[in-house]
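Good morning, and thank you for making time for this.

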Amino acid sequence: MALSEFKQGSVICGEGAPLRHILFITKGSVDAEFNGKAFRLEQGGVIGLCALSAGKHMHTYTAATDVVVFSYPYKGFSSLEVLLNERPEVSGLLVNSMCRQITLALWYRQILKKEAEAAYELAKDTFPQYERLCTLYAYASKQLPELDELQHPSEIDPLEEWIHEYYTGISNVEQTVSQAFFREPGISLGFLRRSAEDVLCVLRACESYDEYLSRVAGVYAHESRHDLFALVGELHTSSVNIRGADDALKPITARLIRQMQELSKADQAYVEQRLQEYRDGLEGIRTEAGIAEIPSATGAKQNLLNSMEVILEYSGLPEEDCNRFARCVHEYTKLADRGSADDDAYRLREELTAGFYRIYEPVFFKSLEDPTLSTIVKMFLNFGYVDAALAGYEHADYLYSIADSLKGDPEMGVYTVREWLTAIYEGSKEPSRNDFDTDYAAYIREMKTGGKITAQEENTMLQDNAGKVRFELEQVFPTVNKITFGRISTFCPLFASHNALRSLQASMVTPSMLKVAIDEIRSIDFSAFYRETLYTNPDAGVPKESINVEILPEIILLPNIGLRGAMWQEIEGRKRASPSRLFIPLMLMEDIKTLMVRLTAEFRWEMCKRIQGTRWSDITAPSLTSEFFDYLQFYRSNRELSQDVKASVKTELVRARNIYKSVFVQNYADWLQYESNGSPRLNKFVRRIMMIYCPFAEETREKLSLNPQFAEPLKRFNIRKHQRVTRLSNLMQKVSKIAKEMPQELTDELAFAQR
């Protein structure tokens, strides 16, 4: 053993450091810190016991006083066995210190467990009361998905309760009895082995509770201000003058406040800020005047009654414009047939459309600087909502309930329209191309070339993120909003009840739905979102090589009730390795999987055209588009096709108005839906093209290998696959002789070629 000294305040061992020594404290005190909680180890304690199983320290050990320790090298339990055989007297120190440390950890776990259970039970008890009172006071309630997803604390803690009593009992056994029992090396070593695993489980349970309590703190008070306290507080301040509301809500808010102030993981400074805002709000709204009667629950709820006035006032537009828009909304609401083709209805929809976009821009820009954005404004930005009567009262209630919790998933490339515009404003995304296929930079250059702006103005505008947002709002948003709506002649961007052909809850598109749909496509057509890019690495002996990289699309959810999606652009600018961009209605009246298949087909077609350039239809440069183009252009003289098949192709072309891409999209849908299951829908010529350029995953190919109709296409595919794998293998052999390390790009490409 070696003797070491540490001055007060010095770190003896840090959390995460590998366990190399067991340290016996012979003088002084040590603080063991875990998750911000400090436990005191006194003289006779042993540092490192909690790390025996993990192999690394779970605590940070700091000298609370001047400390002296003896260190013993640790190389696993075998080294402890040697120590106990050589020095049986230390077994008592080890066992007693382990008991004390695991008891302290169990005590800490018990505190966290009680706090988690109390917070969970109160939250689960409060939300139904909130919903009941919302109904009573004619107030549209909100959903709180974070609370729905919150599991009971017992589900995160697998530790059995008897362990607590077991170690507490050992700690309470008279020391002389304990020392006599554990003096036998085999017994003490077995105890240390078991307790090392138990203490690790206890500490991990504490970490789980710690993470859980952080989530719970967010349910009660979150920076987004969509939390349980906001819901109840908003109801209280809005209903305080309704008879009985104050008395009903005071006890609920009092319990919430007490719990928030007791939560160990809550930011108490933020909590106090929120509490002060709540108190100020109540103080400002309370009056000594008469108490109002409870509003009727029929029609719009009290917090939706003046939706349009809230939005128009927020926009800051001139009063004349606001009044004209409001009149148009009321006229549109009263129309017996809002989709009428007569001139008056058409002009009204046109005026509402222009007014909507005129309002949308200032509302969005103002919302960027508003940390307390109202739910009504969020409904306008993300749903196109302006009025409860126009939307339908049930629909308005539902939209209000989800508006604060609505979000995309930017990490997987899914954005609500507000998130997307914000990303452009913050500079993390570039605007989309307009309907003339012109991106923002080219648009600014055209203005410079046309003499509309100077060179200096051009440079300024290219860096102007607000200008980029305006480009998206003016040049892209109106067009894609109309396209995705699906009924262009009757389009109006305002949320209206007559467009909701099915339940909003069932039609709402979510990131998880999109992920399922995309993953299902990739499980059949594994190369769907891969594209060829050029790879060069002269240092490794790779002058030029085409490799395939998978880049999933960016999907923007537009504020309409729509029937269609739009594959708007296959790449960003000229960057071939950038995501494609899809626009989809947030509330989709069609099947999401069917829609995503069609958009994937359009992406494949447009991506191939982009890669092939002007030779996209040139059969001398074989590609998906050139072979399909050649097949449709010359199907009449194709000897491989029977007269019946030729008649079928002619029918397809007529149905697609002679647009070759449309024929391919339908064929691709049949390829994924039917052909992948061995149910033929395509002719052998199309099947051959599809198998080469849109091959099935290996599992599907194996399943189809017994079907004679797929024998020839699969044979062609396997030949091409073998050729590609052989070429890459040979290239990699050459590279291995030059480069010290094989480039990951080539390794990935070989794995792709072997699929």
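I will go from the whole chain to a sheet, then to a pocket, and finally to a loop.

This is a predicted model, in which local features need pLDDT of at least 70 and side-chain atom pairs count only at pLDDT 80 or more, while totals for chains, interfaces and linings use all residues. Residues are numbered from 1 along each chain as its sequence is written, and side-chain values use heavy atoms, with hydrogens and water left out.

Let me begin with the chain, which has 29 helices and 14 strands; these are DSSP runs numbered from the N terminus, H or I with at least four residues for helices, and E with at least two for strands. The C-alpha trace spans about 100 × 90 × 60 Å along its principal axes. Of the 755 residues, 51% count as buried, where buried means under 20% relative accessible area, exposed over 50%, and partly exposed in between, with a 1.4 Å probe and protein chains only.

Now to the sheet, an open one in which 4 strands follow the order S1-S8-S3-S6 with antiparallel pairing, and here two strands pair if DSSP finds at least two bridges between them. Strand S1 (2-6) and strand S6 (46-47) stand at the edges with a single partner strand each, so one side of each has no neighbour in the sheet. Strand S3 (residues 21-27) is joined to S6 by 2 bridges, and Phe24 has Val46 in S6 as its bridge partner.

Next comes the second largest pocket, which holds about 920 Å³ of space. A pocket here is an open set of points on a 1 Å grid over the protein atoms alone, where a 1.4 Å probe fits, with protein on both sides within 12 Å along at least five of seven lines, and lining residues have an atom within 4 Å of a point; the volume is the space filled by probe spheres set on the points, which are joined across faces, edges and corners. Of its 30 lining residues, the closest to the centre are Glu532, Asn548, Ile692, Tyr693 and Arg720. H22 gives the largest share of the lining, 6 residues.

Most residues other than glycine have a negative phi. Asn658 lies in the loop between H24 and H25 as well, with a positive phi of about 65°. Arg657 counts as exposed at 70% relative accessibility, and Asn658 counts as exposed at 51%.
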